[in-house]
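Subject: Structure handover

Hello,

Here is the structure for you to take over. My notes on it follow below.

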Amino acid sequence: MFARAAAIVGLISFSTLTAADLGSFAPGRGLPFTVDASEDVSARFAGAPRIHSFAWGQWEGKWIFIGGRTSGYHGVGGSEVDFPRATANSRIWVVDPTGNGPARTFSIPLEDLPESLATVKDQWASSNPAFFQDGESLYIAGGYGRNSAGSWVTYPVLSSVRLPQLVDAVVEHRGSASAAIHYTESPLVQVTGGEMLKLGDAFYVIGGHVFMGTYSEFEASGERNTAEASQKYTGEIRKIRIQQGGGGEVSVQLIQAFADSEFARRDLNVAYRILPDGHTVGAAAYGGVFTKDQLGFTKPVYWDAATAPAADKHFDQTMSGYTCAHLQLFDSDSHAMYTTFFGGISRWTWNYAQQKAEPAPMIGDQHQPLYFDGLTWIDHITTLAVTGSSSQEMVQSGTRMPGYIGSNTVFLPVTGLPKVQPEVDVYDLKALRGKRVLVGYLFGGIRAYPKEFPYRDDSKTYRSGNVPTKASDLIVPVYVMVPAK
């Protein structure tokens, strides 16, 4: 499944930044913060689930997790290639990390939902849905998995859940979880591996694909579409209207579809950004797979509520080109937008000893004994800095994550962080000056072991498809340190 990526542009180490490296940044500024995500605090979360590729939301400091998988990455060319229902996440989880003691975990089985929500029960056992939290409501679109009839499908389902009611039902056993849930069906939301966000009054479903049947059947056909298994990339960014009536009923309508070969990507990262004027909210799509020659996408796609999505033809992102945790910061002094990516899968890796970037090996194919597909698991933290029309990608060389994690991981912000705009998860760098601040946690995702014993950087690398993986057992606090002026 994994393939190849692109050429390196503008990759620098935080430790060697100079005014010349920074282009349009002010001389001597350097990157105005550092990030530390090196600690594992999972012992404080003993009851929390080990899952990846799920939908999540937050309510009053609590984390809500729906869907995803409990096993590791599905393989290539082997027995673990498919997504069996037995390893799907079959529970609705609420984790309460507030307070100084151990976090508390609560859950209910999907099977507790009534038969009238059978469609939702199937969808909520799926992997890689698109989702977005809008106030009290969490919307979940699509997802791929095996349904209760035994078929592997991408769901044409948009479900909504009122988080206050759901949390009450799961944590306090007060009220019914089913009363908080509504859904509709539409091909507009039939997607897996895509992303979803809201700008103004409109929602956007970004990229993704429709996969029907099993991956083993798809591989057996030489990855050609058949009646048994097929794959189709949407190739679109869909602008849609979601409406919810007084009784909770949900409807979805297409406003506009933007089609471009650059949008035919999945397993990407989508995030908010603040435009250079310092207040307009925009969106960005980063990375994703696969191009026609089985490489990863490198051109960021930018848009806002008033403009159509378009790829940045002047910049190539090199690291973390597959869905991973990310954090957005904006500096109101320099009007610089910073998007930090945590690990995951990458075409390029950073050589810490030599302080340079190196491409992952690309040898053979999945049917040969020696096979490296040109993508590798990384434990790096990188930041894409954008000021005006200038973009730079930087690797933090002073710290690494406590494992090869990040893919299908999420960043869960702590409550109360100062935002540039109240409803948008872009945080105000200026307000953090002179502090070392806990900004959130890395949760879930896939943990990989790409290096053989003794697990050093120079240890032998497992070939593609054979890398041992599991649902991550690490929970990592993220600290941002902003020097005082």
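Two strands are said to pair if DSSP finds at least two bridges between them. Helices (H or I, at least four residues) and strands (E, at least two) are DSSP runs, numbered from the N terminus. This is a predicted model, in which local features need pLDDT of at least 70 and side-chain atom pairs count only at pLDDT 80 or more, while totals for chains, interfaces and linings use all residues. Residues are numbered from 1 along each chain as its sequence is written, and side-chain values use heavy atoms, with hydrogens and water left out.

Ser 137 stands opposite Arg 162 in β11.

Of the 10 residues of α2 (residues 163-172), 7 are buried, and the helix is mostly covered. Buried means under 20% relative accessible area, exposed over 50%, and partly exposed in between (1.4 Å probe, protein chains only). Among the buried residues of α2 are Leu 163, Leu 166 and Val 167. His 173 follows α2 and has a positive phi, near 55°.

Sheet β3-β4-β5-β6

A further open sheet of 4 strands has the order β3-β4-β5-β6, again with antiparallel pairing.

Lys 62 is buried, with a relative accessible area of 15%. What does Lys 62 touch, leaving aside its neighbours within four places in sequence? The contacts are Gly 57, Val 94, Val 95, Asp 96, Pro 97 and Val 167. Lys 62 and Val 167 are 105 residues apart along the chain, and their C-alpha atoms are separated by 8.4 Å.

β19 (residues 269-274) contains Arg 273. β19 and β20 pair in the antiparallel sense over 6 bridges, with Arg 273 opposite Gly 282 in β20. The two strands form a hairpin with 6 residues between them, and Gly 278 in the turn has a positive phi of about 90°. In strand β20 (residues 281-286), 5 of the 6 residues are buried, so the strand is largely enclosed by the rest of the structure. β20 also runs antiparallel to strand β21 (residues 301-304), joined by 4 bridges; the bridge partner of Ala 284 in β21 is Tyr 302.

Arg 273 is buried yet has no salt bridge, and the nearest side chain of opposite charge, Asp 304, is 5.3 Å away. A salt bridge is a side-chain nitrogen of Lys or Arg within 4 Å of a carboxyl oxygen of Asp or Glu. For charge, Lys and Arg count as positive and Asp and Glu as negative; His and the chain ends are not counted. The side chain of Arg 273 does reach the backbone oxygen of Ala 283, at 3.2 Å. Beyond four places in sequence, Arg 273 touches residues including Thr 280, Tyr 302, Trp 303, Met 337 and Val 426.

Two further residues

Val 252 lies in strand β18 (residues 250-259) and is buried, with a relative accessible area of 14%. Its contacts, apart from neighbours within four places in sequence, include Leu 158, Thr 184 and Ile 240. Val 252 and Leu 158 are 94 residues apart in sequence and 8.2 Å apart in space, C-alpha to C-alpha.

Gln 396 is in the loop between β30 (390-395) and β31 (410-413) and is buried, at a relative accessible area of 7%. A polar atom of the Gln 396 side chain lies 2.5 Å from the backbone oxygen of Val 35. A polar contact is a pair of N or O atoms within 3.5 Å; within protein, one must be able to donate a hydrogen and the other to accept it, and residues adjacent in sequence count only if both atoms are side-chain atoms.

Regards

Notes: Contact means heavy atoms within 4.5 Å.
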